[in-house]
Amino acid sequence: MQTTLNFEKIEVLRRHLMLTTTEMAEIFGVSRITYYNWVNGTPLRTKNLTHAKKVVRKLIAIVKQFNWPTEEVRQLDQKQRLERLLALMQQYT
């Protein structure tokens with residue numbers, strides 16, 4: 001069983017999704033400081049790891065299924081882009 005996540009790859013995903021670090025932390029449901037700590041190698045608690053894996057799977061599915069970010073999405077402002085992404089994520093419960 002995987003006990004960590006590769007945050008170098010998750011950071012590549014974050015940039016591809018055109019998200020800020022604060023937005024990525026919001027998507028994971030943690031503080032920005034906690035997210036920064038994860039990026040810098042702090043291990044995730046088991047509960048957070050399980051949740052984070054689900055979030056990453058949803059994000060990857062959105063990239064694949066919706067070719068995210070489309071040109072239309074690229075034209076949105078940051079807030080609109082995040083709202084659109086969060087709405088898509090709700091479809092993957």
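Predicted model: local features only at pLDDT ≥ 70, side-chain atom pairs only at ≥ 80, totals over all residues.

Modeller: As general background, nonpolar side chains in soluble globular proteins tend to be buried together.

Helix α4 has 21 residues and reaches 30 Å from its first C-alpha to its last, close to the 30 Å expected at 1.5 Å a residue. Its buried residues are Leu49, Ala52, Lys53, Val55, Val56, Leu59, Ile62 and Val63, a list that includes a lysine, and these buried residues pack against α1, α2 and α6.

The contact with α2 can be described in detail. The axes of helix α2 (residues 21-28) and helix α4 (residues 46-66) come within 9 Å and cross at roughly 115 degrees. On the α2 side, Met24, Ile27 and Phe28 take part, and they meet His51, Ala52, Val55, Val56 and Leu59 in α4. By class, this contact has seven nonpolar residues, one polar residue and no charged residues. Phe28 also links this contact to other parts of the chain: leaving aside residues up to four places away in sequence, Phe28 touches Ile10, Tyr35 and Trp38 as well as His51, Ala52, Val55 and Val56.

Beyond the end of the helix, the backbone deserves a careful look. Helix α4 is followed by Asn67, whose phi is positive, near 50 degrees, in a residue other than glycine. Asn67 is found in the loop between α4 and α5 and is exposed, with a relative accessible area of 56%. In that loop is also Pro69, which is joined to Trp68 by a cis peptide bond with omega of about -5 degrees. For context, most residues other than glycine have a negative phi, and most peptide bonds are trans.

A further positive phi, of about 65 degrees, belongs to Met18, which is not a glycine. Met18 has its place in the loop between α1 and α2, and Met18 is partly exposed, with a relative accessible area of 25%.

Note on methods. Residues numbered from 1 in each chain as written. Heavy atoms only, no water. Axes fitted to C-alpha atoms, helices over the stretch in contact; angles between N-to-C directions. Helix = DSSP H or I, 4+ residues; strand = E, 2+ residues; numbered from the N terminus. Contact = heavy atoms within 4.5 Å. Nonpolar A, V, L, I, M, F, W, Y, C, P; charged D, E, K, R; others polar. Buried < 20%, exposed > 50% of the residue type's maximum accessible area, 1.4 Å probe, protein only. Expected span 1.5 Å × (residues − 1).
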